[in-house]
Amino acid sequence: MTIAIVGGTGPQGSGIGLRLALAGETVILGSRDGERAASEAAKLTSEHAPLGVITGANNRDAVASADTVILAVPYKGHEELVGGLADVIGHKLVVSCVNPLSFDKQGPVGTQIPDLSAAEEAARLLPEANVTGAFHHLSAVNLHKVETDLSHEDVLVCGNDESGKAEVMRLASLVTGGRGIDVGALRLARHLEPFTAVLISVNKKYRTNSSVALTGVPETGEK
Ligand SMILES: NC(=O)c1ccc[n+]([C@@H]2O[C@H](COP(=O)([O-])OP(=O)(O)OC[C@H]3O[C@@H](n4cnc5c(N)ncnc54)[C@H](OP(=O)(O)O)[C@@H]3O)[C@@H](O)[C@H]2O)c1
């Protein structure tokens, strides 16, 4: 399986890509500039050898070569970027970790958008794709500290297709060493995405990198 990360030069995309490559997956970091992505992949490879297969390409070429596509871009420009990749994404599995957030003097808050969540906007723009939401609450800082154990963090996964969510939960386990939790339908991204504003606010107050862990969910993963 090959995983393309659209926006893979940013801290979140490169952090997820780094963890997946360390776990043995084949990763292509995507960028609007293929050379920038190649240089980020080379940097990660030199810093974390032996890393496995992580390369860089422009977003379109990265997606074309992949089975699964992770969207790790800012919400600003999301519609144009994702819509422009629809033909090459086709029926692929898509994972959105995009958080539409706004900031003012009171701090961060979720941004209200027409499709109600970035993941649902992606599903509208990519009608053939299997769109899911996950990785919204993982801190890029922690992802890059590869010695930091993230197995206590839960990755909340939403989507309308069971097999797609199962694959994303597998990827979640590779990224954190912990578990993914199937929270339900794609529309629950409306709650997962803005919840990140709470974590950012906590991070600022307590000078930390907070994350999410649910209690009461069986460790076996049995439903
Ligand atoms: N940072 C975190 O800790 C964190 C945690 C959880 C979720 N997230 C979410 O993950 C997403 C990415 O976060 P990030 O911090 O990595 O973001 P970022 O650094 O602002 O952007 C990621 C990459 O997206 C590309 N990009 C920027 N503006 C673009 C535009 N208008 N159109 C197309 N591509 C654009 C850039 O790559 P190129 O210039 O190379 O194309 C950039 O390196 C966001 O939606 C964020 O809410 C972030």
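Q: Which residue's backbone oxygen does the side chain of Gln12 reach?
A: A quick note before the answer: this is a predicted model, where local features need pLDDT of at least 70, side-chain atom pairs count only at pLDDT 80 or more, and totals for chains, interfaces and linings use all residues. Residues are numbered from 1 along each chain as its sequence is written, and side-chain values use heavy atoms, with hydrogens and water left out. Gln12 sits in helix 1, residues 11–22 (helices are DSSP runs of H or I with at least four residues, strands are runs of E with at least two, both numbered from the N terminus). At 3.2 Å, its side chain reaches the backbone oxygen of Phe135.

Q: Which backbone nitrogen lies 3.4 Å from a polar atom of the Gln12 side chain?
A: Gln12 counts as buried because its relative accessibility is 17% (buried is under 20% relative accessible area, exposed is over 50%, partly exposed is in between, with a 1.4 Å probe and protein chains only). Besides reaching Phe135, the Gln12 side chain has a polar atom 3.4 Å from the backbone nitrogen of Ala140.

Q: Is Phe135 buried or exposed?
A: Look for Phe135 in the loop between strand 8 (130–133) and helix 7 (140–144). Its phi is positive, about 70 degrees, although Phe135 is not a glycine. With a relative accessibility of 2%, Phe135 counts as buried.

Q: What is the relative accessible area of Leu116?
A: Leu116 is a residue other than glycine with a positive phi, near 75 degrees. Its spot is the loop between strand 7 (107–110) and helix 6 (118–125). Leu116 is partly exposed, and its relative accessible area is 48%.

Q: Which side chain does Glu25 join in a polar contact of 3.4 Å?
A: Glu25 is in the loop between helix 1 and strand 2 (26–31), and it counts as buried at 11% relative accessibility. A polar contact is a pair of N or O atoms within 3.5 Å; within protein, one must be able to donate a hydrogen and the other to accept it, and residues adjacent in sequence count only if both atoms are side-chain atoms. The 3.4 Å contact joins the Glu25 side chain to that of Arg170.

Q: How many Å apart in space are Glu120 and Ser96, C-alpha to C-alpha?
A: Glu120 lies in helix 6 and counts as buried at 15% relative accessibility. In sequence, Glu120 and Ser96 are 24 residues apart. Their C-alpha to C-alpha separation is 9.4 Å.

Q: Which residue has a polar backbone atom 2.7 Å from an oxygen atom of the ligand?
A: The ligand is surrounded by 21 residues, and Thr9, Ser31, Arg32, Arg36 and Val73 are the closest (near means a heavy atom within 4 Å). A backbone N or O atom of Gly10 lies 3.2 Å from a ligand oxygen, and a backbone N or O atom of Asn99 also lies 3.2 Å from a ligand oxygen. The 2.7 Å distance belongs to the backbone of Val73.

Q: How many charged residues does the shell around the ligand have?
A: Here Ala, Val, Leu, Ile, Met, Phe, Trp, Tyr, Cys and Pro count as nonpolar, Asp, Glu, Lys and Arg as charged, and the others, Gly among them, as polar. By class, the shell has 10 nonpolar and 8 polar residues. The number of charged residues in the shell is 3.
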